[in-house]
Amino acid sequence: MYVCSCFGITEKQVREHAEAGACTPRQIASASKAGTDCGSCVRSIQSILGRGACPRREPLGTAAAEPTTTVAEPLVAQSAVVRAVATSAGLEAA
Ligand code: FES
């Protein structure tokens with residue numbers, strides 16, 4: 001079943017990206033573009049991630065010792081995700 005109709009991304013693909021380490025909607029967007037156009041799929045992606053698609057995270061305190069990587073994301077991707085999250089949290093600007 002398609003989660004992101006703008007880019008034809010399925011729930012299976014979102015789960016595969018999550019299993020590969022993309023644990024936030026922003027990381028899913030970086031990996032697949034899902035959520036970077038209209039943003040209407042971001043809540044569905046959040047829901048999939050919240051149902052255990054993402055591997056268990058390390059306890060606090062151990063993650064800081066691991067190297068982190070930063071992936072440059074297009075500004076439009078960030079704005080679509082931020083807008084969708086802000087809307088769902090009732091924080092949309094007037
Ligand atoms: S449905 Fe995913 S960006 Fe539009």
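K33 is found in the loop between α2 and α3, in a model that is predicted rather than determined by experiment. Although K33 is not a glycine, its phi is positive, at about 80°, and this residue is the one that follows α2. K33 is partly exposed, because 16 other C-beta atoms lie within 10 Å, and a residue counts as buried with 20 or more.

The loop between α2 and α3 also holds G39. With 23 other C-beta atoms within 10 Å, G39 is buried. Along the chain, G39 and C6 are 33 residues apart, while their C-alpha atoms are separated by 9.0 Å.

## Overall make-up and confidence

The protein chain has 94 residues, of which buried residues make up 28%. Its secondary structure comes to 4 helices and 2 strands, and these follow the pattern β-β-α-α-α-α when the chain is read along the sequence. Of the contacts in the chain with a separation of 6 or more, 61% are between residues 24 or more positions apart.

The mean pLDDT of the chain is 79, and 65% of the residues reach 70 or more. Among the elements, strand β2, at residues 9-10, has the highest mean pLDDT, 98, whereas helix α4, at residues 75-88, has the lowest, 65.

## The nonpolar core

The largest nonpolar core has 15 residues, and those with the most contacts inside it are V3, V14, I28, A34, C41 and I45. At least two residues of this core are supplied by each of β1 (2-4), α1 (11-19), α2 (25-32) and α3 (42-53). The largest share, 4 residues, comes from α3.

When its neighbours within four places in sequence are left aside, I45 is in contact with V3, V14, P25, I28, A34 and G35.

## The setting of α2

Helix α2 is largely enclosed by the rest of the structure, because 7 of its 8 residues are buried. The buried residues of α2 are P25, R26, Q27, I28, A29, S30 and S32.

Two packed helices are described by the angle between their axes and the distance between the axes. For α1 and α2, the axes come within 10 Å and cross at roughly 105°, so that α1 is roughly perpendicular to α2. Here Q13, V14 and H17 in α1 meet I28, A31 and S32 in α2.

For α1 and α3, the axes come within 10 Å and cross at roughly 55°, which makes α1 oblique to α3. The crossing of α1 and α3 is right-handed, and the contact is made by E11, V14, R15 and A18 of α1 together with I45, I48, L49 and A53 of α3. V14 of α1 therefore takes part in the contacts with both α2 and α3, and V14 is also listed among the residues with the most contacts inside the largest nonpolar core.

Note on methods. Residues are numbered from 1 along each chain as its sequence is written. This is a predicted model: local features need pLDDT of at least 70, side-chain atom pairs count only at pLDDT 80 or more; totals for chains, interfaces and linings use all residues. A nonpolar core is a set of buried Ala, Val, Leu, Ile, Met, Phe, Trp, Tyr and Cys residues joined through C-beta atoms within 7 Å. A residue is buried if 20 or more other C-beta atoms lie within 10 Å of its own, exposed if 12 or fewer, and partly exposed in between; C-beta atoms are placed from the backbone. Two residues are in contact if their C-beta atoms, placed from the backbone, lie within 7 Å. pLDDT is the predictor's confidence in each residue, from 0 to 100. Axes are lines fitted to C-alpha atoms, for helices over the stretch in contact, and angles run from 0 to 180 degrees between N-to-C directions. Angles under 35 degrees count as roughly parallel, over 145 as roughly antiparallel, 65 to 115 as roughly perpendicular and the rest as oblique. A crossing is left-handed if the near helix is turned anticlockwise from the far one by less than a right angle, and right-handed if clockwise.
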